[in-house]
Amino acid sequence: MRYAETGFNLEIDLTRRNIERVATDPTDTALYMGGLGTNAKLIWDRVPPETDAFAPENLLIFGAGILCGTLAPGCNRTIVSTISPLTNLMAFSMMGGFWAPELKYAGYDKVVLRGKSSDLVYIWIHNDKVEIRDASHLKGKGAIETADILRKELDEPKAQVSAIGLAGENRVYYASIEQGRSSASRGGIGAVMGDKGVKAIVVRGTKDINVAQPAEYLKLCNEVLEFIKFREKNPIPGVIPILGVLGSPQEMAIHDEKWHTENFMWGNARTRRKDFWTDDVDKEWLKTMEVSRKRLISCYNCPLKCGATISIPGLPTYMMKCFSKLTYTMAAYSNLDFGLRIAQRATEYGVDGYSAPQVMAFALELLENGILTADDFPGMPEDSDGRFYWLLDRIVRREGIGDILANGTHWAANHIGKGAHEYAHNNIKKQEQLPLKLSMLNPIYFLMYATGEKISITQIEGQFPQGPFPELKDREEFCADWFQVPDEKFKQYFLDWEPRGEKSNPYYPTVEMCCDIVDWQERMHYIDDALGMCAGLSSFHMKAAYHIHNLPKFITYGAGIEMDEEAISFAAKRYRTLVRAINISRGMRRKDEKPPADHWKKRFPELEKELLDTYYKYKGWNNNGIPTEEFLREMGLDYVADDFLQWGIYDEVVEEVLDTETKSMEGANNAG
Amino acid sequence: MQAEKKKKVIKTIRIDVDKCNGCRACEVICSSFHASPKYSSNNPARSRIRVIRDPIADIYVPVYAGEYAVAECAGRDKYTIDGKEYDECAFCRASCPSRSEFKEPDSGLPLKCDMCSSDPTLEQPLCVQWCLADALIYEEREEEVSEETTVDELEMGLDALANKYGLNKLNELLAKMTASKKG
């Protein structure tokens, strides 16, 4: 008997319209756990390196985390993996909500899509009955609208729906997959779904999910709930409020956005507005929030309320989460009311709330600077809000300039030429990032930005405080109940970390300490992504409810696979390495591993080189970022090592790696 | 006959639909508690509490499984509360032919909330313990129940029968019933 997982994947070939229920190998679960881990294994095994995002051979995998559907609070994530049209690397965007547990109750751990349907279809999974159905009547419909229509049409109010909007249908490179209050947005996975001709996947399940050791498992879950209650009453002192409590950043609960609006950049990640938050703004935004927000809402089996139902008079209701609240507002130099209004349309279209606003701000900057001209924007309104609506409508339909912008800033700049690349300045590995521009290099963040393969900082950071505390006594107090650390040495790193002087950024934490810290941070996220655990209760936070000491027990008691801290870390390292191997096979190298050149004003090329050199070694990678043969064999990834040898990947001449581009790009810092 | 007052504990769950965050933790823990062996599996489709939810309409109503009803209601009304339209079934505890709620998914047998009856008794039903949003609050109150009530009911019933059929007929029938019991 399989515990926590169902032991079956649903394999759907859209070209041949063939549906199979395939038993999975339990040894794969032991080696790669579930979710992201086993997704990566499927991609390695079945998607050859030369396959591009829109090839029929590309897989689009909806993987439920291994513990989804069990009692574990907040464990509800669907890990969607495919080859990204934006980065041409493996994308593994994730969503919370209700879809993954429903899939488990229907009797499946994953839905694996391959091939392409010539007509628009949707997939209806109702326990053992699975159908590919005509979706021609849903063409052009919004993602939320589609979910509503399908629930009514099937007369299944409890069915959970993952759907794409117009952006996915038209293969916009940053199209999302929407699921009511959640979405998997990064990496253009919605475009792959659209390319495969799938408008939606509807799931309803009424079967049991079993756990291996019920009493022990319940006890673990109760402890987590107790901790959540404790943290709610006792926020962590000395950090900004959104880091002091659990959950995704509690953007829906608050109206006071002084911190984000004055520290993040406006426009095309350019301008910091240090005096933005006035009393008038405070009053206006409070009113907007009060009028629009109907209720704070949660994902499946989670007490945190990170989302909200937003109902703006005259517009259809939608549900919002987290930071898309501000991305449109700030890109357009507008206000919260505009941000909430355009997010409604953007949610129905199904676009990534990080990339989409930045692409539009980028286009307007090109216009301002004469690289694009008024002829490229025929009929565009004069006002900033109107321009954003106009651009969004054209992007998702791929009309005129929208067709170029639909490919993201990197590819649009390639197409436009004339120095447009200087304006696609906030990307890592071709993907738009949060609009942050800072002063002093932070060595920990340097490594995370450079080497993270989620290519999105909020999905990598956590565990360790983002900056030093000024007073030693505050640091001591912080360490007093910091039981989540995997090793006591992390406390010492933090105790000694000063805002100024010898033991401050960028030379402290030392290069070796940075390696330890980043490796810990990354490991926790990768564990969550196999389990289906929300980072908001776990890896995103300092002092979280889930941590390295209780997570292995969840696997042991839940899935019945013996795990301890060492074993879970080893498994996470294995599939983390496999993700890297996939990207290496697709051409990713050290040269691609760098934060935006203008991310920090003060850069330290020698130190950065040392950081990467040391971290690569620490991770078992060679100096070009490629996992070494010995390391692959040690990880039990001999099949990867053999392919790398056969492909001659180790024979490549490693380029001179001191990042000269950093220096040449320094001028761009002054643009804002 | 002397009317005797007895104290009875009434168990109540106070449901605040405005506080519900729609997470369905109540369904999750309920199905787990009632699994056999206890906590060994999860399946909200077996839960004895359901959150009747329509997120876009902002409707979230946790409802407990009550009595089994053989037939569905002749008419089903709609309620508008604070501008939101609710189907009458959104508040109904019955396991009935008109809907799939409160039935075992495999057998279709009706489910009924037992307030997590167990030995030893739980402090509070688990759905309440797992609802950190405080949408479900457990309360116990004592009510004084008079034994007399039942006597009154019998009297009222007999009186009604006597009025309808006449006292003589009733006497005859009672005598016959007494005789047949003895025989």
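Which residue is the bridge partner of N210(A) in β2(B)? What you see is a predicted model, where local features need pLDDT of at least 70 and side-chain atom pairs count only at pLDDT 80 or more, while totals for chains, interfaces and linings use all residues. Residues are numbered from 1 along each chain as its sequence is written, and chains are lettered from A and ligands numbered from 1 in the order in which they are written.

**View 1. Chain A meets chain B.** Here 34 residues of chain A are in contact with 23 residues of chain B (contact: C-beta atoms, placed from the backbone, within 7 Å). On the chain A side, β13 (209-210), α7 (214-233) and β16 (293-297) each give two or more residues. Helices (H or I, at least four residues) and strands (E, at least two) are DSSP runs, numbered from the N terminus. The largest share, seven residues, comes from α7(A). Sort this side of chain A by type and you get 17 nonpolar, nine polar and eight charged residues. For that sorting, Ala, Val, Leu, Ile, Met, Phe, Trp, Tyr, Cys and Pro are nonpolar, Asp, Glu, Lys and Arg are charged, and the others, Gly among them, are polar.

View 2. β13(A) pairs with β2 (residues 41-42) of chain B in the antiparallel sense, over two bridges (strands pair if DSSP finds at least two bridges between them). And here's the partner we asked about: N210(A) is bridged to S41(B).

**View 3. The six-stranded sheet of chain A.** This open sheet runs in the order β2-β1-β6-β3-β4-β5, with mixed pairing. β2 (18-23) and β5 (90-95) of chain A sit at the edges with a single partner strand each, so one side of each has no neighbour in the sheet. From one strand to the next, the twist averages 15°. Angles run from 0 to 180 degrees between N-to-C directions, and axes are lines fitted to C-alpha atoms, for helices over the stretch in contact. Further in, β1 (residues 8-13) and β6 (residues 110-114) of chain A pair in the parallel sense over five bridges, and L10(A) has V111(A) as its bridge partner in β6(A).

**View 4. Two helices lying across that sheet.** Helix α2 (residues 36-46) of chain A lies across β3 (60-64), β4 (78-83), β5 and β6 of chain A, at about 20° to β4(A). Helix α3 (residues 99-106) of chain A lies across β3, β4 and β6 of chain A, at about 85° to β3(A).

**View 5. A three-stranded sheet of chain A.** The order in this open sheet is β16-β17-β18, and the pairing is antiparallel. β16 and β18 (318-321) of chain A stand at the edges, each with a single partner strand, so one side of each lacks a neighbour in the sheet. β16(A) pairs with β17 (residues 307-310) of chain A over four bridges, with R295(A) opposite T309(A) in β17(A).

**View 6. Two crossing helices in chain A.** The axes of α20 (residues 511-531) and α22 (residues 565-585) of chain A come within 9 Å and cross at roughly 85°. That's why α20(A) counts as roughly perpendicular to α22(A) (65 to 115 degrees; under 35 is roughly parallel, over 145 roughly antiparallel, and the rest oblique). Among the residues making the contact are Y526(A) of α20(A) and Y575(A) of α22(A).
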